[in-house]
Amino acid sequence: MNSSGYKIFKFVFLAFWASFVVAPFLWALTTSFKTINGVTSGATYIPWVDYEPSLDGWRNVLGTGSQGINVIEPFISSAYVTIGASALSLVLGTFVAYGLSRFKYRAGFIRNGDITFFFISQRIMPPVVLSIPFFLMLQQLGLLDSIFGLILVYIALLMPIAVWVMVDFFNNIPKEIDEMAMLDGCSPLQTFLRVILPNAKPGLVVAGLFCVIFGWNDFFFAFTLTFTETQLLPVAIVSLNSSATPWWSLSASALISIAPLIFVAVLVEKYLDRGNLAGAVK
Amino acid sequence: MSIVAENINLTVDGETYLRNVSFELPNEDFFIIVGRTKAGKTTLLRLLAGLEEIDSGSLTLDGDDLTKMPPWERKVGMVYQQFINYPHLNNFENIAFPLRRAGLPEDKIAEAVNKVAAVLGVEEFLEKLPSELSGGQQQRIALARALVKDSKLLILDEPLVNLDYKLREQLREEFKNIFNDQRERLVIYSTTEPAEAMELNGTVIVMHEGEIIQIGAAEEVYNRPANTRVAEVFNDPPMNLVRGVVEGNRIHLNQDVIMALPAHLQNLAAGRYTFGIRAADINLKPDAYAAEVQLGEINGSETILHIKLGDISLVTEQEGVHQYDLGASASVDFDLNQLYVFDNNGDLLFSPATNSSFEKAMQDQEKDN
């Protein structure tokens, strides 16, 4: 295929794909401004032309409307849990990954590869297998239905991701850089903090992004480990779905729940495509 | 300061990296480790830097056990074969890094960095990142960082091997000046190329399969290789070694290749020996020994011929370009005054009385690179 033909193909394909990705958002956006009449009177898309827009959906989920559920409090709870668990997972996981990448461990038949696999294997198990042990453990600790308890559980879920991403990333930083730092007067901890971490920024961003996405979107543990005191956003949104579903409120809250991830993704995008290890070793 | 090693052994996963290595390195000298790939050069250098642990033996610095001292306390500067710099720091900060770790004040750091940058000709790149520089410039930054700090020991592990020919020549010339001026620290340099060792003009340590096989001035090692292994490692192409018998004032290499004992070997008793002759001392000459050409390589302005005299395989080096087909016949003669004799253990017995000029050898080997 010649290059201009390829360019046209690429453009058409990407435009087609983008419409697939963007369409549901537009649909949710337009639905969030509808009332019951707008939703039930057939397919309508353009406000003021197809239907009369209303802010009821948004008022309901933001707690200023006549009905519905306030999602502000679950939003804040979700933010606490996601940020807390992601940050701790990233810190712990980065240390673990550096150790696994640079030092040789052995305990009986266990080697570095086995330890790495142990972390990843936490994600291989279906979550439902973990739910009962987690429930019992949190019950013993008196941490059921609490933000702190959820943070502990989420660390168990997110840290494997951080370890996985960071081990691979550290393995790609030449060991000679560590050695050079030590010869230049850095202790092992200083080597890690002053030389390795600054060079691992893209890896940290990717690992952090994964943690935030998985943490923010988790429904299963948020649902099984909380009752009345604490409610996270995914659970709050689902609870809107009663017998007469308020599609306008549901759409508004869905958009509210997606917004932070889009914001984070845009924020870190510039770090994701930086080959800033080029020049370390030629 | 002096570093003393005694009977150091290092084995990893059944593979021997160092075997009974002993040496004494006094301060303020320039040492060049010469050996082929896998001879243990890098392992020995890493050991001195504290990046490798030994199985047995001792390594001391002025009598203190060096093996207990972690690398960050050793005050060692090191330049790797690869161009290792800190990718996240610009070149000024790269060079300044060890000085910042040592807690020097800002004005002292700037002064020292600018001074060493001027010596190495990298002042104009200080604001750039290492990744924005060419290989040779990156290696200069790495060298600047090793030179800038107050190190007692400067280690260079084949620093020129990844550079192209022109740059290598240029940097080698600069190294020679820098390291021969640097008499306040111990400099250890490793290379696979004997020519590099000869040009750099330091004390040569020849290594082979994890052992040190000779220590001496470059000229001494070249003219009087302690044994056959040094003769091979310290010549490029390796010295030809042929087993032969001395009988009635004649050397019999095989039934057809028989020659008279040259003047410097008149005292050689009858018996079996290993004879050594450099590729450059075997010359094409009509009506001499008949040989068959196995392979001809043209290397710059020289031709390297792999030839066979009956069952004896030899390598010769000829000035100029000579075209030989595979299996072509040639006639060669030996410069018998340049004949080396080794005993059956491979140790040197006799070396030529008049050495073919060391300077000429350097130039010859230069051209090969």
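Biologist: What share of the 369 residues in chain B is buried, and what makes a residue count as buried?

Modeller: This is a predicted model, and in it 42% of the 369 residues in chain B are buried. A residue gets that label if 20 or more other C-beta atoms lie within 10 Å of its own. In chain A, buried residues make up 34% of the 282 residues.

Biologist: Take B:S151, then. Where does it sit, and is it buried or exposed?

Modeller: B:S151 lies in the loop between α4 (135-148) and β7 (153-157) of chain B. There are 21 other C-beta atoms within 10 Å of B:S151; the cut-off is 20 or more, so B:S151 is called buried.

Biologist: Which residues does B:S151 touch, leaving out those up to four places away in sequence?

Modeller: B:K75, B:V76, B:G77 and B:R185. A contact needs C-beta atoms within 7 Å, so each of those four pairs meets that limit. As for B:E184, 33 residues away along the chain, its C-alpha atom is separated from that of B:S151 by 9.3 Å.

Biologist: And how do you know that β16 and β17 of chain B pair?

Modeller: Two strands pair if there are at least two bridges between them. Strand β16 (residues 302-309) and strand β17 (residues 312-319) of chain B have eight, in the antiparallel sense, so they qualify. One of the facing pairs puts B:L305 opposite B:T316 in β17(B). Their hairpin has two residues between the strands, and B:G310 takes a positive phi near 65° there.

Biologist: How far do the C-alpha traces span along their principal axes?

Modeller: For chain A, about 70 × 65 × 30 Å. For chain B, about 75 × 45 × 40 Å.

Biologist: Last one: of the contacts between residues at least 6 apart in sequence, what percentage joins residues at least 24 apart?

Modeller: That's 74% in chain A and 67% in chain B.

How values were computed. Residues numbered from 1 in each chain as written. Chains lettered and ligands numbered in written order. Predicted model: local features only at pLDDT ≥ 70, side-chain atom pairs only at ≥ 80, totals over all residues. Buried ≥ 20, exposed ≤ 12 C-beta atoms within 10 Å, placed from the backbone. Contact = placed C-beta atoms within 7 Å. Helix = DSSP H or I, 4+ residues; strand = E, 2+ residues; numbered from the N terminus.
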